[in-house]
Amino acid sequence: MSAQIISGKEVSAQVRERLKTDVEQMKLQDPNFRPGLVVLQVGDRDDSNLYISMKLKAAAEIGINATHMRLPESATEEEVLHSITEVNENSSIHGLIVQLPLDSIHKIDTEKVTNAVAPEKDVDGLTSINAGKLSRGDLGDCFIPCTPNGCMELIRQTGVSVAGKKAVVIGRSKIVGAPMHDLLLWNNATVTTCHSKTVDLPGEVSKADILVVGIGKAEMVKGEWIKKGAVVIDCGINHVPDETKANGKRVVGDVDYASAKERAGFITPVPGGVGPMTVAMLMANTVLSATRFLESHRPGKWNISYTKLNLQMPVPSDIVISRSCVPKPIGRLAREVGLLSDEVELYGQTKAKVQLNIIKRLQAQPDGKYVVVTGITPTPLGEGKSTTTIGLVQALGAQMKLNVFACVRQPSQGPTFGIKGGAAGGGYSQVIPMEEFNLHLTGDIHAITAANNLVAAAVDARMFHESTQTDKALYNRLVPLIGGERKFSPVQINRLKKLGIEKTDPSTLTEEEVTRFARLDMEPSSVTWQRVLDTNDRFLRKITIGQSPTEKGHTREAQFDITVASEIMAVLALTSSLQDMRQRLARMVVATSRGGVPITTEDLGVSGALAVLMKDAIKPNLMQTLEGTPVFVHAGPFANIAHGNSSILADKIALKLVGPEGFVVTEAGFGADIGMEKFFNIKCRYSGLRPHVVVLVATVRALKMHGGGQTVTAGMPLPKEYIEENLELLEKGCSNMRKQIENAQHFGVPVVVAVNAFKTDTGAELDLVCRVAKAAGAFDAVRCSHWAEGGAGAVALGQAVQRASEAPSEFKFLYDLELPIADKIRIIAQKIYGADDIELLPEAQHKVELYTKQGFSKLPICMAKTHLSLSHEADKKGVPTGFILPIRDIRASVGSGFLFPLVGTMPTIPGLPTRPCFYDIDLDPETEQVNGLF
């Protein structure tokens with residue numbers, strides 16, 4: 001009786017259908033995901049091209065995104081290895097096949113090239129690591145070479161159990177024989193491998209219940225050698241002469257098929273047996289690799305290690321604590337939180353930038369819980385918002401084992417060298433290394449300085465050139481003759497379209513169109529764009545520019561702001577993508593023309609260059625806390641004249657990474673009336689994100705000041721009411737906390753009050769604050785000791801935040817953007833500050849009319865007001881009442897997307913004190929350690 005034919009064509013078709021279904025299931029989980037395969041070929045051999053075309057066709061049918069990477073025969077070993085490295089680091093590729101042989105005119109070490117493939121992408125199963133795992137029996141943690149894997153699938157199709165059978169493998173190649181032996185062995189067969197030196201090959205074959213042949217000799221194994229009823233798998237492909245065929249030859253295997261099928265129970269034909277299975281199993285390995293990738297990189301699935309704190313009493317200085325903790329290598333932290341290698345740009349061992357393409361990869365994933373940390377009205381005593389933010393994430397992460405990200409602002413360097421103080425938190429709740437955090441970081445602020453000052457230079461240069469040239473001369477220089485022709489740049493085409501001039505040939509513009517195009521006609525007194533510097537320097541608050549004789553008398557009064565006050569910083573914080581940033585940068589208004597038209601950076605022609613300067617700054621910076629939880633440090637806009645919040649991009653990426661059960665904790669600058677109000681009304685409008693919880697930070701000492709305590713002078717001993725129990729003063733000051741709780745409730749979000757405890761606080765005082773907070777409508781109020789204890793001291797806060805995040809809430813904005821400018825300002829003044837009304841002074845009234853005419857009236861409002869009081873008078877503590885809020889002026893940050901009314905006067909660049917802290921700062925030349933910074 002003839003053997004049953006095991007059809008590789010039929011089985012491979014079944015495998016492909018199964019794989020097709022698997023890929024469809026992946027797409028249901030993530031519509032943007034497709035398994036990726038690269039076939040790397042060196043040279044142009046016809047047989048290799050045939051095999052590759054078969055693989056690409058099979059991949060396309062299944063839904064695998066397959067790419068043929070072809071290198072010329074002139075490719076060197078180094079070039080081949082470089083190409084492999086690129087594919088290894090590409091997270092969208094899950095399988096890499098190096099097509100052998102490598103057809104190069106140069107000598108290439110095939111073993112070296114094969115082993116350069118990342119083991120997790122080695123879908124051919126040929127690297128030493130995968131071969132080693134197979135030989136050890138780690139079948140679930142390796143890739144099995146495709147031909148042996150296909151052979152096993154064919155054996156399974158017979159229904160014959162491998163366990164306990166005697167198996168013989170003829171051939172010991174790395175591709176077939178050796179792995180086939182291991183595969184049968186670990187499927188519990190008793191295996192003998194035969195080869196060219198085997199004595200009595202027919203005798204060995206006759207013992208085999210299962211026979212796999214891959215020796216490369218045509219019809220070498222005869223039927224009479226085969227045990228009756230055996231399973232015969234023929235891996236051979238040989239060509240023998242056959243005059244009946246058009247090409248004069250036919251394909252046969254290593255087994256004499258005609259005689260073997262009379263004795264075997266099952267047998268594979270050649271062709272149509274093992275051959276089709278090889279390609280099918282290659283596809284199966286690719287889909288398996290993609291499945292493993294999805295499983296290991298499932299959003300929210302973190303395998304993170306935390307850093308154990310070595311708490312000391314008394315608590316050492318911040319810098320001593322920071323240096324006592326060795327941070328994890330930042331690349332390791334990136335992997336722990338689900339970032340891929342090609343999504344991270346390392347800046348040394350402690351900081352990295354994260355690529356924006358992660359947003360596309362994770363866009364289908366649900367967000368985590370969103371928490372904003374704010375505070376009562378600030379006092380010189382400090383409330384510890386940054387410390388509480390870091391303590392809370394250390395509690396949620398290292399203590400409660402929840403996925404959590406902190407998203408904080410990058411601090412300006414100005415105060416670092418002026419008035420001592422950083423923004424990395426403090427005590428045992430810090431971002432580390434604090435020197436890196438508070439100094440250059442990755443250069444984002446420097447990029448903003450360069451971009452801002454390029455605009456300033458462009459403004460003055462344009463006014464100078466327009467005042468010294470005729471229309472024709474100006475036009476000819478703006479559109480120069482190059483190679484005999486004039487050509488508009490893309491940014492100039494944009495200006496023409498804005499002017500309604502639908503022309504692209506510079507020679508076709510009329511005289512009137514030339515004038516309109518070339519002349520911005522800026523009114524010097526209307527220029528609102530200032531130069532910036534990230535240094536405290538009071539003597540730059542008002543300057544005269546253009547005094548050199550070369551400027552021909554074109555002088556004007558100007559000023560410097562500190563870099564974090566630049567509109568470009570606010571643009572960075574509020575942007576949602578590279579394209580959005582480019583558009584926002586283009587919309588920034590720098591002046592008004594004499595005809596009343598707003599002049600933008602796009603009109604100046606500088607907007608594209610700004611995007612180039614900002615292309616790296618837009619990527620969030622990854623750091624870590626003392627306890628090893630991740631932190632995004634990105635953007636740092638002023639909290640009084642800008643909106644005072646870290647970037648939307650950092651928040652969005654973090655919310656995807658933590659997963660639906662995780663938390664993202666961000667901090668809003670100054671008190672709830674300033675940073676939190678802008679967080680909701682500006683940042684949340686542009687991000688589309690909806691917060692789950694507000695954490696309001698308060699201290700007993702600060703509340704006592706709001707209750708009428710003495711003014712505190714830096715460096716002087718604290719008056720006794722701040723270090724002794726005084727419940728009456730404290731209760732009076734709690735009015736400010738009640739008002740800030742009310743302010744948060746205007747937005748429909750649960751409030752948890754964090755009472756940041758100091759050693760001088762008494763139990764009765766802490767209890768009083770918590771009791772008053774709950775009575776005022778807070779979801780909960782808890783005392784915290786994270787400064788002294790790290791995350792362990794904020795566990796109660798973390799638990800309260802977790803509960804509050806599950807409570808029902810109805811988020812709403814404070815005002816409708818369609819309202820007139822004055823009405824929006826009035827709503828903020830009355831509902832948030834407690835003012836009776838507002839007063840628009842003449843310049844402010846003029847700006848209301850101007851911006852309404854220019855089409856800017858529907859922008860949100862960003863109040864520029866003192867942060868030291870709910871009113872416009874910094875010395876008014878507690879909850880001032882009965883006041884009219886004076887609006888001195890209104891300015892437009894059109895690129896950022898808000899109007900900022902000016903309440904009173906505020907310096908936009910700080911000055912240095914009598915004794916700046918740079919007196920204490922130095923560098924140890926031996927250790928390169930920064931001394932005296934904090």
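Me: Why is Arg826 called partly exposed?

Reply: The term partly exposed covers what lies between buried (under 20% relative accessible area) and exposed (over 50%), with a 1.4 Å probe and protein chains only. Arg826 has 26% relative accessibility, so Arg826 counts as partly exposed. Asp823, with a relative accessible area of 31%, is therefore partly exposed as well. As to the origin of such values, this is a predicted model, in which local features need pLDDT of at least 70 and side-chain atom pairs count only at pLDDT 80 or more, while totals for chains, interfaces and linings use all residues. Residues are numbered from 1 along each chain as its sequence is written, and side-chain values use heavy atoms, with hydrogens and water left out.

Me: What makes Asp823 and Arg826 a salt bridge?

Reply: A salt bridge requires a side-chain nitrogen of Lys or Arg within 4 Å of a carboxyl oxygen of Asp or Glu. The closest N and O atoms of Asp823 and Arg826 are 3.1 Å apart, and the pair forms a salt bridge. Both residues lie in helix H32 (residues 821-833), 3 residues apart, which is about one turn of the helix. The structure holds 50 salt bridges.

Me: What is meant by a helix or a strand here, and how many are there of each?

Reply: Both are DSSP runs numbered from the N terminus: helices are H or I runs of at least four residues, and strands are E runs of at least two. The protein chain has 33 helices and 37 strands.

Me: Why is the pair Asp367 and Lys656 said to tie together parts of the chain?

Reply: The closest N and O atoms of Asp367 and Lys656 are 3.1 Å apart, and the two form a salt bridge. Asp367 is in the loop between helix H13 (357-362) and strand E14 (369-375), whereas Lys656 is in helix H25 (residues 648-658), so the pair ties together parts that are 289 residues apart in sequence. At 33% relative accessibility Asp367 is partly exposed, while Lys656, at 17%, counts as buried.

Me: Are Lys704 and Glu765 buried or exposed?

Reply: Lys704 has a relative accessible area of 1% and is therefore buried. Glu765 likewise has 1% and is buried. These two residues form a salt bridge with the closest N and O atoms 2.7 Å apart. The pair links distant parts of the chain, 61 residues apart: Lys704 is in helix H27 (residues 700-706) and Glu765 in helix H29 (residues 763-775).

Me: Why is Ile390 called buried?

Reply: Ile390 has a relative accessible area of 2%, so the residue is buried. Its place is in helix H14 (residues 385-399). Across the protein chain of 934 residues, buried residues make up 56%.

Me: How do you know that there is a cavity, and what lines the largest cavity?

Reply: On a 1 Å grid over the protein atoms alone, a cavity is a set of points where a 1.4 Å probe fits but cannot get out, and lining residues have an atom within 4 Å of a point. By this rule there is 1 cavity of 30 Å³ or more. The largest cavity holds about 60 Å³ of space, a volume being the space filled by probe spheres set on the grid points, which are joined across faces, edges and corners. Its lining includes Leu96, Ile97, Val98 and Asp122. Strand E4 gives the most to this lining, with 3 residues.

Me: Which residues lie nearest the centre of the second largest pocket?

Reply: Tyr51, Thr147, Ile237, Gly275 and Thr278 lie nearest the centre, among 48 lining residues. A pocket, in contrast to a cavity, is an open set with protein on both sides within 12 Å along at least five of seven lines. The second largest pocket contains about 1,500 Å³ of space. Helix H2 provides the largest share of its lining, 9 residues.

Me: Why is Met54 called partly exposed?

Reply: Met54 has 40% relative accessibility and so counts as partly exposed. Met54 is in helix H2.
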